[in-house]
Amino acid sequence: MEWLQQWDSSVLFFIQQHVRSDFLDPLMTAITSLGDIGFIWLIGAALLLVQKKYRKHGLLLLGVLLLCLLVGNFGLKNLIGRTRPCIAYPGTPLLIPVPSGSSFPSAHSMTSFAAAGVLFAANRRYGVAAFAVAAAIAFSRLYLFVHYPSDVLAGMLIGLGIAAICVFASRRLYPRFRKRLVGQRAKTE
């Protein structure tokens, strides 16, 4: 695991020394705030819920965000307990307050890529735009020195996995649920 820590640290310090700039600082702070409490993705879910065509995807998006919260914040973060880079290397100036909780996996990355996966399943154009936003949010976590690259990569993969499982399950279960619901309505009428 020492090689992973060395790789993680070298990527982070490369970003701090060669990418960080006065121009990008406020931009990255704004981008990362889109992922705070899944803000942008909750707005996306609300927009889907008000459109009959995408209502099931809105519900699915809310479910995926809840699963990410359970798996990431309440599960893996507590189980693994990895120290954030901003705490491990306290000399690096931060642009945001030190986040609570541990570093692995990146919840911002997990929820963003899970949401993008659901949005892609709903509509390819929405999904491509969502993946661009998700990638920007994930990179912002590295730029802001609050996650290691492996935290972000794991968050991305776990989020995509949660989205894939939920989309697959919804495609298998929704038609059955709808058929039963329609059948029950017919019986009551």
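Analyst: Take the contacts in the protein chain with a separation of 6 or more: residues 24 or more positions apart account for 77% of them. Keep in mind that this is a predicted model. Two packed helices are described by the angle between their axes and the distance between the axes. Let's start with α3 (39-49) and α4 (55-80). Their axes lie 7 Å apart, and the angle is about 155°. An angle over 145 degrees counts as roughly antiparallel, and α3 and α4 are therefore roughly antiparallel to each other. Their crossing is left-handed. On the α3 side you'll find Trp41, Leu42, Gly44, Ala45, Leu48 and Leu49, while α4 brings Arg55, His57, Gly58, Leu59, Leu61, Leu62 and Leu65. Sorted by class, the contact of α3 with α4 has nine nonpolar, three polar and one charged.

Helix α4 also packs against α6, at an angle of about 160° and with the axes 9 Å apart. That again makes a roughly antiparallel pair, α4 and α6, but the crossing of α4 and α6 is right-handed. Here α4 uses His57, Leu60, Leu61, Val64, Leu65, Cys68, Gly72, Asn73 and Lys77, and they meet Ala107, Met110, Thr111, Ala114, Ala115, Val118, Leu119, Ala121 and Ala122 in α6. The contact of α4 with α6 counts 13 nonpolar, four polar and one charged residues.

Leaving out residues up to four places away in sequence, Leu61 touches Trp41, Gly44, Ala45, Leu48, Ala115, Val118 and Leu119.

In soluble globular proteins, nonpolar side chains tend to be buried together. The largest nonpolar core here has 39 residues, and Trp41, Leu61, Val64 and Val118 touch the most other members. Helices α1 (2-19), α2, α3, α4, α6 (107-122), α7 and α8 (149-188) each supply at least two residues of this core. The largest share, eight residues, comes from α6.

Helix α2 (residues 24-34) and helix α7 (residues 124-143) have axes that come within 8 Å and cross at roughly 125°. That makes α2 oblique to α7. The crossing of α2 and α7 is left-handed. From α2 the contact takes in Leu24, Asp25, Met28, Ile31, Thr32 and Leu34, and from α7 it takes in Ala136, Ile137, Phe139, Ser140, Arg141 and Tyr143. By class, the residues of the contact of α2 with α7 are eight nonpolar, two polar and two charged.

Finally, look at the loops that link the helices. Ile37 sits in the loop between α2 and α3, and it has a positive phi of about 45° although it is not a glycine. With 77% relative accessibility, Ile37 counts as exposed. Phe145, in the loop between α7 and α8, also isn't a glycine, and its phi is positive too, near 65°. Is Phe145 buried or exposed? Phe145 is buried, with a relative accessible area of 0%.

In the loop between α4 and α5, you'll come across Gly81, which counts as partly exposed at 45% relative accessibility. Gly81 and Gly101 are 20 residues apart in sequence, with their C-alpha atoms 8.0 Å apart in space. Setting aside residues up to four places away in sequence, Gly81 touches Leu76 and Ser102. One more stop is Pro105, in the loop between α5 (85-88) and α6. The peptide bond from Phe104 to Pro105 is cis, with omega near -10°.

Key
Residues numbered from 1 in each chain as written. Predicted model: local features only at pLDDT ≥ 70, side-chain atom pairs only at ≥ 80, totals over all residues. Heavy atoms only, no water. Axes fitted to C-alpha atoms, helices over the stretch in contact; angles between N-to-C directions. Helix = DSSP H or I, 4+ residues; strand = E, 2+ residues; numbered from the N terminus. Parallel < 35°, antiparallel > 145°, perpendicular 65-115°, else oblique. Left-handed = near helix turned anticlockwise from the far one by under 90°. Contact = heavy atoms within 4.5 Å. Nonpolar A, V, L, I, M, F, W, Y, C, P; charged D, E, K, R; others polar. Core = buried A, V, L, I, M, F, W, Y, C linked by side-chain atoms within 4.5 Å. Buried < 20%, exposed > 50% of the residue type's maximum accessible area, 1.4 Å probe, protein only.
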